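Subject: Handover of a structure

Hello,

Here is the structure I promised to pass on. Please open it first, then read my notes below.

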Amino acid sequence: MPEPKKPGAKGGKVEAPPAEHVPGEEHQMSETSGLFVEKPQSVAVNKGNNVTFVAKVDSSKMLRKPTMKWLKGKWLDLGSKAGKHLQFKETYDRNTKIYTYEMTIVKAVDGDAGGYRCEVTSKDKCDICTFEITIEAAEETTQTNILEAFKRSGDAGEDAGDLDFSGLLKKRERKQKEEPEVSVDVWEILKNAKPCDYEKIAFEYGITDLRGMLKRLKKMKKVEPKKSDAFLRKMEPAYSVEKGKRIQLSVELSDPNAQVKWLKNGQEIKPSAKYIFESVGGIRKLTINKCTLADDAAYECVIGEEKSFTEVFVQEPPVTITKMLDDIHVVVGEKVEFEVEVSEEAASVKWMKDGVELSRDGKYRFKKDGTKHWLIINEATTEDIGTYYVFTSGGESKGELEVEEKELEVLQSIADLTLKAAEQAVFKCEVSDEKVTGKWFKDGVEVIPSNRIKMTHIGRTHKLVIDDVKPEDAGDYTFVPDGYALSLSAKLNFLEIKIDYVPRQEPPKIHLDTTGSMVNKNTIIVVAGNKLRFDVDITGEPPPTVCWKKGDTEISESEGRVRVETRKNLSCFVIEGAERSDEGLYHITVTNPAGEDKADIMVKIVDVPDPPENVKCTGVGEDTAAIQWDPPKFDGGVPVKGYLMERKKKGSSRWTKLNFDIYESTTYEAKKMIEGVLYEMRVFAVNGIGISQPSVNSKPFMPIAPTSEPTRLMVDDITDGSCALKWLPPERIGAGGIDGYIIEYCIEGATEWVQANETPVEKNSYRVRGLPVGEKMLFRVTAVNIAGRSPPAVLAQAVTIREIVERPKIRLPRQLRTKYIKRVGEKVNLVIPFQGKPRPMVAWFKDGAPIDTALVNIRTSGVDTILFIRQAVREHSGLYTLSVQIENMEDKANLEIQVVDKPGPPMAVTVTDVWGFNAALEWKPPKDNGNAEIIGYTIQKADLKTKEWFTVLEHNRRPSCTVSDLVMGNEYTFRVFSENICGMSDDAGISKNTAVIAKTGLKQKIQPYKEKDMTSSPKFITPLVDRSVIAGYSAAISCAVRGYPKPKIIWMKNKMIIGEDPKFLMQNNQGVLTLNIRKPSLFDGGKYTCRAINDLGEDEVECKLEVRVVTEKEEAKK
């Protein structure tokens, strides 16, 4: 029976005791730390059941989001196998800052058993946990009712068919024999497999680095090439190509006439514009143009029964972001759209917020159109505040979202009312948001609508209307908007009317209501565009006549925009859509037989202010900018309370608010900007009425900071009255770059700095001239760009302006220390540097006499001199001397120039003797050797019959030779060319006489042969020569010996025989004896002896070998 299982963290899942170390699993991280709050545990699960593993990581001390990997065995990364069978989930708790990672195996199978590992890394921290999965056979459910085990065969019903007792049989579990693990060589399997099976084998044996596997397999196949009868050269195991590029596959056949087939994933490829076939001799090529992801496949070249396999991998170029995210500032409830543009259409992007990937959960929507992608939040809340990231395969961008609480603004409050019985009471208020609802209360009790009491909400206006006012309607009325801590209150006063039945006359009387929009006595303030209705109660008996005037103009009763409506005991003054021209003093006069009454009413029209003017940037910093503007010309009749600012990137249409609270000053410092990006600003003016229209956009400006100070300022040269400075660019330059440098100087102890250059210099060096000789001066250098000057770089010590005398020194190049050889007509251009201060006097001499500038061009600067010959002639050869002198100090250098040409022909070519088939020639060297040593002669012969010349000898060193193998019966003439380092002479010396080879028929008198005695004792004909060699460079010493019989050669060092030492190599070539010493050291110096011995005697020669070490001074002289 299996052990009872313990319930896991997830419902229905099982877990085992704490995880144990999995055999074969070794931690690869050098430093681990406890990052896991909860680790996955080893479990035993029934086959076919689901199992979930949970790992929790504490990120409170992490700067970045941790990275989690789930692995099986040593290398298999399970993240690439996610699907229906393997599912991964990641959640983040913002309060506890704990990441929860889940891995679920759906319907576990036998292949899921084994050791697993999860790794979490964060920058320089890591933690690893191992666990195991054991797959057990599915448990058989116990039958509680034994009768259920009985079944009847057939489908006719309960009583039909025969009883089947097979359900009572006990199922035995088959015991599987534990077979010992057999070590498998994966590389042998891969070498014998087809390329199309590589990925399957890699997954089976846990290999995740496919490209590394292919590279190693390629090397192994090179070491052990498989011979093929049809192919001389097969395709490589794999090829890689970028998307959109062209790739060429080629094979070489043993039979150039053989026909091949190209297959892709087993399907034959036909020639087309996409696939191009080429055949050159035995080479067959397949070219794939404009590779796409569909071309990522296995390819075969087939000849009969033999095939050549390869696999092509198509790499997608990284997707970059071409338009970055903008920061967004909204209020609660507004729609948010983050927009980004990428370099490729149909590219996939990943959206994240504060390190957590976003998904389509109803709150977030994703939209894309071509290369544009959007993240949409329909109604923003304060929980959406944070940093949003978008990631592509080749870049990332981020944007900040700020959400402010919405403020409700009261545009018109409700006013107190005093009414009589049966009149209508209207309470009216106006708020800034049309969607806001609210409730009406009377003395703290909610008002219930009825036939007499009605409540309306139209747009931003809320009304409470009470018809047929009664005494019980008097009280305090309050309107409370839903969702806001705000209330508007007003009072309803009931006026009782006492009727006097005694007829009498009463003089007229104007009753002005000073509540509501009356700011002071007899003054009414109206917002421009609103409607003004001013009701004036009038009493008097009989009813008086009413007259309204503005200045001297009477306002008649009409239907115009400004009109007067008269009712019983009431005169209404109405202005529809108040304008600024309606402002002024109005007069109302009421008259009746009993008298007259007058009143003056001041109407003041107020409006939002005009936009601010002259918005401009007065200064910039690295990420800041100072903005200044002028107040609006018209404040709208109400003092300006302050300003609101917005900014945007140039070219963008999205404005970002910089402040939500009113800013009172006319200067503002904008912060948190990106250096090097162009911005624009606009400003709104705010008064008690509202917000003005935006100002005209400021001119584009760019936040740029000055650079840091230049580095490594130093003195390069000092002369009488000038000083040369040099320096390196600043360490921090920024987006503004560098326009140049300003150099300043001052006398030590003074405080006034003098600018040395009028305009900035672009180079990193400058010579300050006109300085007082002998004074101690300080120097400083400042970098300048569009943002201004950087901090100065100042010399640490003062510099005395006085030239320092330096001895003259000629730096002769190495190639001029030996004889300098040039051919006639070639160009000679020698640059010889020298040093010395003050500027030395330079003089050239040839063979001890001043040089002729008509033949040689001389150019001299302060640091070098140039000897230039456009076309060299032999007269230019000679010894040249360069003299560099400062006062009584002088340095000289000699160089020898040799101009060479081809030599002339040899002189007096003569045939001196003819015998048999041979002829002896002699001649004299040419008169003109071309100013170079003659290195040999070329001899040619010609038959007088054919007169065709044939070369018989080349590079003959002596002025004589013997020409053999001449044809009997012919007459020959000869010519000789001389040769030096420039080549052979143009003309040849022709022999004065000819050589006639006589025909046979003449009898030769044969002299009796007398054998000569050749025996002799050894005799050295060329002795050894003392030598001095350099340590570390191979050397050789040689001599020549003559003797018969052939003498035995013995080499000795310091009278000690040199044996079979590998350091020494002894050679004997026709009597020329050579001893080669490989890389001699100081211990190889001494006296060397060569001894020759035969039966007739012996002889010996000796020499002294000196081995020396080259010092640094000697190397420098060279």
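How many of the 1118 residues of the protein chain, as a percentage, count as buried? The share is 36%, where buried means under 20% relative accessible area, exposed over 50%, and partly exposed in between (1.4 Å probe, protein chains only).

Two notes on reading it. This is a predicted model, in which local features need pLDDT of at least 70, side-chain atom pairs count only at pLDDT 80 or more, and totals for chains, interfaces and linings use all residues. Residues are numbered from 1 along each chain as its sequence is written, and side-chain values use heavy atoms, with hydrogens and water left out.

**Confidence**

The pLDDT is the predictor's confidence in each residue, from 0 to 100. The protein chain averages 83, and 89% of its residues score at least 70. Strand S1 (residues 6-7) has the lowest confidence, with a mean of 37. Strand S91 (residues 1086-1094) has the highest, at 94. Residues 1-32 have a pLDDT below 50, yet this stretch has 63 contacts in the model beyond near neighbours in sequence. A contact means heavy atoms within 4.5 Å. Residues 170-182 are also below 50, with one contact beyond near neighbours in sequence. Where pLDDT is low, the predicted coordinates should not be read in detail.

**Overall make-up**

The protein chain has four helices and 92 strands. These are DSSP runs, numbered from the N terminus: helices are H or I with at least four residues, strands are E with at least two. Of the contacts with a separation of 6 or more, 62% are between residues 24 or more positions apart.

**Two open sheets**

Strands pair if DSSP finds at least two bridges between them. Strand S52 (residues 625-630) and S55 share four bridges. Tyr668 in S55 is the bridge partner of Ile627.

Another open sheet of three strands runs S57-S58-S61, again with antiparallel pairing. Its edges are strand S57 (711-719) and strand S61 (765-769). Six bridges join S57 to strand S58 (residues 722-728). Thr719 has Ser722 as its bridge partner in S58.

**Strand S68**

Which side chains of strand S68 (residues 828-837) are buried? Val828, Leu830, Ile832, Phe834 and Gly836 point to one face and are buried. S68 is joined antiparallel to strand S66 (residues 806-810) by three bridges. Here Ile810 is partnered by Phe834. Six bridges join S68 to strand S72 (residues 864-869), also antiparallel. Leu830 stands opposite Leu867 in S72.

**Backbone points to check**

Most residues other than glycine have a negative phi, and most peptide bonds are trans. The peptide bond from Lys837 to Pro838 is cis, with omega near -10 degrees. Pro838 lies in the loop between S68 and strand S69 (841-846). The bond from Glu541 to Pro542 is cis too, with omega near 0 degrees. Pro542 sits in the loop between strand S44 (532-541) and strand S45 (545-550).

Asn931 has a positive phi, near 65 degrees. Its loop runs between strand S76 (918-924) and strand S77 (936-943). Asn931 is partly exposed, at a relative accessible area of 27%.

Best wishes
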